[in-house]
Amino acid sequence: MVGKNEGGSGGEKSLDLFLKIGLDERTAKNTVANNKVTANLTAVIHEAAVTDGCDRTVGNLLYTVIGSCLFISCDYASDNFKADDFEAACGVGVEVSLDDIEHAVDEIFEENKAVIVEQRYRTNVGELFGYVRKKQPWADPKIVKQIIDTKLYALLGERTAADNEKPTKKKKEKPVKAEDKAVVEETAPAKPSEEEINPFSIFPSPEQNFKVHTEIYFSDRPVLRACNSKEILDKHLKVTGGKVFTRFPPEPNGYLHIGHAKAMYVDFGLAKERGGCCYLRYDDTNPEAEKKEYIDRDQEIVGWMGWEPFKITYSSDYFQELYELAVELIRRGHAYVDHQKPDEIKEYREKKMNSPWRERPIEESLKLFDDMKHGLIEEGKATLRMKQDMQSDNFNMYDLIAYRIKFTPHPHAGDKWCIYPSYDYAHCIVDSLENITHSLCTLEFETRRASYYWLLDALSLYQPYVWEYSRLNVSNTVMSKRKLNRLVTEKWVDGWDDPRLMTLAGLRREGDSSLIRLERLEYHIREELNKTAPRTMVVLNPIKVVITNMEASVMDLDAKKWPDAPADDASSFYKLFDILPCSCKIPFSKVVYIEKSDFRMKDSKDYYGLAPGKSVLLRYAFPIKCTEVILGDDNETILEIHAEYDPSKKSKPKGVLHWVSESSLGVEPLKVEVRLFEKLFISENPAELDDWLGDLNPHSKEVITDAYAVPSLKNAAIGDTFQFERLGYFVVDKDSSAEKLVFNRTVTL
C-alpha cells in the first residue's frame, strides 16, 4: 500500500484530498508532513474510490486503518512482500471447527494426564490453555476454555473437600548447589505483578491529574483533550491537601444490590488504600423515585459491609450551585431552552437533526429558564438542553437534557424547586464541587465520559480522573433497579430483602456476609460458612422411628460443632438438650425422627439410607436396623418404622443419617419453619429476555412449616448461621418469633 508522494504541488493536492474525506485541518496537515503516511492514505482513498469525498466516519476509519497498518507493515513492507504469507501469518481464511478444538484438547489431556490426575483441580489451566493455543492459534478462546473445563470435570468428577484445601507447605529444603542454581532459577514461577498484588496501584496520584487521558472528537471543532490547567489543579490540591477523594453515589430509588458491593469496594477501597476519604453521596436528582426508606437502608447496608463514609452528602445539597452554573452555561452559549416533546427529541437524535430552538438567542433562553425556575411554564413544555454535538459518533453527545420541570416536592430539599437537574448534568459537576480526585463507575458509563468532560470544560471547572470498571452481574437473576422494583411492587417476591434477590439486604437475610455464575458466588459463601457456621441437626420432613429394643429412657451423647474439633475440648461440642436441668448434651431416646427421603421400601446397591432388613448409623449415636414397617389403611402410607439399635456398635453400616429425638417419651421435638430458596429465574441472563417475568422460576421458594430441630436451637437469635448436617447452611430469619423460629437456606452443601 506504500506508494510515492506526488511532490511539489502534490502536498496541496494531498491536503485537499484529506479534507474531502472529513479529516480536520490540523490532522490533515500533520498527515501531509509525513510522506509515508501520505502515500499510504492516498492509495487507500483511491482504492476505496472516495477521491471526491466521503462521510467523515468513513474518512476516520480509513485514517485509523492506515495508522494500524504502519505497525504491521514493519515486518512486511519490502520489495519482496508476499500477500499470501502475510495473510497466512494473520490467520486470514482459517476456520477452526469445534471438532478441531476438541481434538487438540484431547491430545493435550492425553499428554498431561498423569499430572492432571495427580494435581486434580490444582492443575494450571492456563498452561493447558497455552498448549492448545500452540496447536490451534486461531481457535475461539471462550470455546477452548469451555471444552477444557468440561474435560476436567469428565476426568476428575466433582470437587472434593481435599481439592479446596490449601496445599501444605513443603519443608525447608537444603541450599541449592551452585551448578544447579541456574536450572532452579529458570523454572521458578514468575513473580506477581504490582497490579496483581495491589489492584489500586494502577490509579495515578492526585498530583498527576494534569495529564491528558481522554480525547473527545467533534464534527465541527478541534479535538478536546481533557485535562486540568496548572492553575485549576493547584487550587484543587490546596483544598484537598493532595489526598485522594472518592465517592460512592447510589440513587435512593431502591435497595442496594450485590453490584453495589463491588462499587463500594472500588470507591471506599481506593480511598482507604491511599489514606484518603470517600463520600457517601446520594444522587437524588429524581424526586419522584426517591424515598427516605431507601436512604436509611443504604446507610445501614454500607455500615454492615464494613465501610465508614468520610461524609454523607446529597446532590440536592448543591441545587443552588447547579442552577447558577446552568445560567452560566447558557451565557457562554452552551445551553438552550427547548420545547420538543420526548418522542420528538428521540426522533431528532436518531436522525442527528438539530432542535428548531437550538439557535435561539442567549437572552431568550435565559428568560425562559428563569420562567421554568419560577413555575411559569407547564411540566413537559420545556427543558434546558446542553448544546453539544448532534453530528457526533457518540449518542451521549446529542444535546443531553440538563434540566426538566417537575412540580414534585423533593424528599430532601422540600418544595423549594420545581426544576431538577439530570444525572448527566449534575453528576460531573458535583464530582468537581466536592473535589473528587477519582470518579470511578461501571463500564456502561464509558460512553458518557465525553459528555462528562465536555461540560466541565465548558464551565472551566476542575476535572476529576475518570475510570470505568466491569459491572458485577450474577446469573439467574436481574440487577436493574427498574426490574427489581417491578418484582417488588408487583409482589413476585416478598419485598426488597427477599432472600432470592441479589439485593444486599436480601443476601444478608439469606445469611451471606463481570457475568458471575451463581455457582461461583455460592462456592465462596460455602467456603466462608464452613469456617464460621456451627453444626446442628434438623429434620425437614420427619418420619417416626421406634427403637423396639430400647427402654423408655434418654441417653446422653456428644455431638461436634466442628468436624475437626479436638475431642478433649468441651467447647467443641454442642448441647442438644441443654434446656432441661439435667446435664444431658444430646438426647437419644426410644423415638427418633429421620428424613422421609432416607427410607425406602426397596433397597438397592447404590442406596445408603434405611430399608427393611438394612442397617444405617445415626450420626453421633448407634447403628439401627429396620425390623418392621407400619403402614396405613391404604397399605402404602408409612406411619412409622420399627428398628433395633446396636449398643455395642459392632456393626459398621455405610450409610450415616441425621436425626432428631424426642427429649422424653411422648414429648414432640422443637418445631421450626424452614424456607428453601432456589434460583429466582430459569435462564442465566433473564435481563436479555423480552418476557423476563415469564422466566421466573415457579419453584424458587418452598416453605416447610413443621420441621423438627434439636432443643438448643430454641435460643438462636436473628442472624445466627448454622450448618444443618447433610442439608446445607441456614440463617435465622427476621420473621422468627418466640413461638416459632424461621430459618432461611443460604446455600446447599
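Buried here means under 20% relative accessible area, with exposed over 50% and partly exposed in between (1.4 Å probe, protein chains only). Helices (H or I, at least four residues) and strands (E, at least two) are DSSP runs, numbered from the N terminus.

This is a predicted model, where local features need pLDDT of at least 70, side-chain atom pairs count only at pLDDT 80 or more, and totals for chains, interfaces and linings use all residues. Residues are numbered from 1 along each chain as its sequence is written, and side-chain values use heavy atoms, leaving out hydrogens and water.

E3 pairs with strand E4 (residues 277-282) in the parallel sense over four bridges; pairing requires at least two DSSP bridges between the strands. Within E4, Cys278 is the bridge partner of Thr246.

Now look at helix H20 (residues 449-458): nine of its 10 residues are buried, so H20 is largely enclosed by the rest of the structure. Among them are Tyr452, Tyr453 and Trp454. After H20 comes Ser460, with a positive phi near 55 degrees.

How far can you trust the model? The protein chain has a mean pLDDT (the predictor's confidence in each residue, from 0 to 100) of 82, and 81% of its residues reach 70 or more.

| Stretch | pLDDT | Contacts in the model |
|---|---|---|
| residues 74-78 | under 50 | three contacts beyond four places in sequence |
| residues 575-584 | below 50 | 24 contacts beyond near neighbours in sequence |

Where pLDDT is low, the predicted coordinates should not be read in detail.

Definitions and conventions: Contact = heavy atoms within 4.5 Å.
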